[in-house]
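Please read the points below alongside the sequence and the structure.

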Amino acid sequence: MTGTSDIAVVVIIAFLVMLLLIGTAVLSLIIVYTRRHRHRSELAELQLQRDQEVIAAEREATQQTLGEVGRELHDNVGQLLTVAQIGLTAVLDDGAPDGRLHASLSALEDGIEEVRRLGRTLNSDTWHDRSFLDAVSTEAARVERVGRIGAPLLITGPPPEFPPDIKTVLFRVFQEIMSNSLRHAKATTIRIALDGGPPFVLRVQDNGTGFAETQAGSGSGLANIRRRCALIGFRAELVTAPGAGCTWIIQHRSSDAA
Amino acid sequence: MLSSITWAVVAWRRLPPPRTTALRLLGVQLCVALVVEVLGTVLSLNHAPNAWLYDLYIVVEFILLLGMAHALHLLPYRTTWILACAFLVLVSLEVFRLRDTDALVVMSASLSALTLTGLYLRLLWQRAERVRGPLFRDQLFWTGLGHVIFFGAMTPVVAPMDLLIATDPFLASSLYYLLQFLCCVRYFAIAWGLQLVPRAGLVPSTA
């Protein structure tokens, strides 16, 4: 009996030791898994930060390049054209008036003005110094000139001064709406109404062909406009129908909380 | 023990198709285990010898779990076959040595248990390295854990079983309760892992 009792004790001890070893092995596995999981999360976060920094750097590089192009246009090309203008003016002052020279001088003056305006547009430093209202006014004037359509701007109360990030996205949304109207709507007029609020409301209405929203392509910019507005705390509403033009209403969401 | 095996079988039956090879083999092993336990209980109640049934089951179980290990890419094809053949030879030799159909092939059972413990520890390690989501929601983790606990802890209990049955049957039957406890833990763990799959909406995972 003593012999079998000893065997029983040995068996039980061995059983417990095996359980302990298995428990230790499983615990080690769990520790390895937890560490790996944490490292993976840290790596993913680092990768995301890196991607964001790369995007920011690319954006800065692009803005810098555009700024340099703008300055070059304004300074060098503008200066050269100004020299040509001065020369033509001197010729006209010295000699008999010549209709062709007058026309050339007029075209040159227009060219100088266009180059300076383009330089201001490309120079992002200048853009950031401008208010949202100035940016919208300039863009409306450009659309009138380029698209040969009316783009009257109605302002009801000065808009608030948005942070630069919001101003950038809001202006890009406005540009996209204007661009869509120019390209697709066959409109003769795009009315822009800006209400400083609160709440701030930007309304862009064209008298074009309109469209059935359900038939817009799946890759259309409509979702892009709505998504960008939602990102910066605005709501984008589209009212359109075939033959009834198209109206975008961009409203700040501060009114939702009220 | 029967209830834990039954729960495991029911959980396996509820798995959404398609079932991988590994899961099909697991299902076969669960069904065979249930049948063997029922038959063993019936034989025991009728005081008929049932050691031959469990000897046969040890062989079938080892082959099925080897196959499952191969399906989970834990073993290459050739090694699986070599181990299976070697085990069959070992069992045959032990049966010949014992020349008693009512004796358990404890040596073969112990060796198979150690082999399977090593294999399924490897499965646990593999899951810890590969699983991206929570480890405790991985079906294969629970299957591996059940097998490791059962086969790892049963070895010291099974190894002296023949000697104890011959010298102290009461002690042998007492120690057998440990095996039953381990069995319950094994099948509850497998059943828990299997029932995680439909809830997570996942196709059953393989390595």
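The points below concern the contact between the chains and the salt bridges.

1. This is a predicted model, in which local features need pLDDT of at least 70 and side-chain atom pairs count only at pLDDT 80 or more, whereas totals for chains, interfaces and linings use all residues. Residues are numbered from 1 along each chain as its sequence is written, chains are lettered from A and ligands numbered from 1 in the order in which they are written, and side-chain values use heavy atoms, leaving out hydrogens and water.

2. Chain B contributes 27 residues to the contact and chain A contributes 20 residues, where contact means heavy atoms within 4.5 Å.

3. One salt bridge is counted between chain B and chain A, the term meaning a side-chain nitrogen of Lys or Arg within 4 Å of a carboxyl oxygen of Asp or Glu. B:E129 and A:R36 form it, with their closest N and O atoms 3.5 Å apart.

4. Within chain A, a salt bridge links A:E161 and A:K167 at 3.6 Å, N to O. A:E161 is exposed at 54% relative accessibility, whereas A:K167 is buried at 5% (buried is under 20% relative accessible area, exposed over 50%, partly exposed in between; 1.4 Å probe, protein chains only).

5. In chain B, B:E61 and B:R186 meet in a salt bridge of 2.8 Å, N to O. B:E61 is buried, with a relative accessible area of 7%, and B:R186 is buried at 0%.
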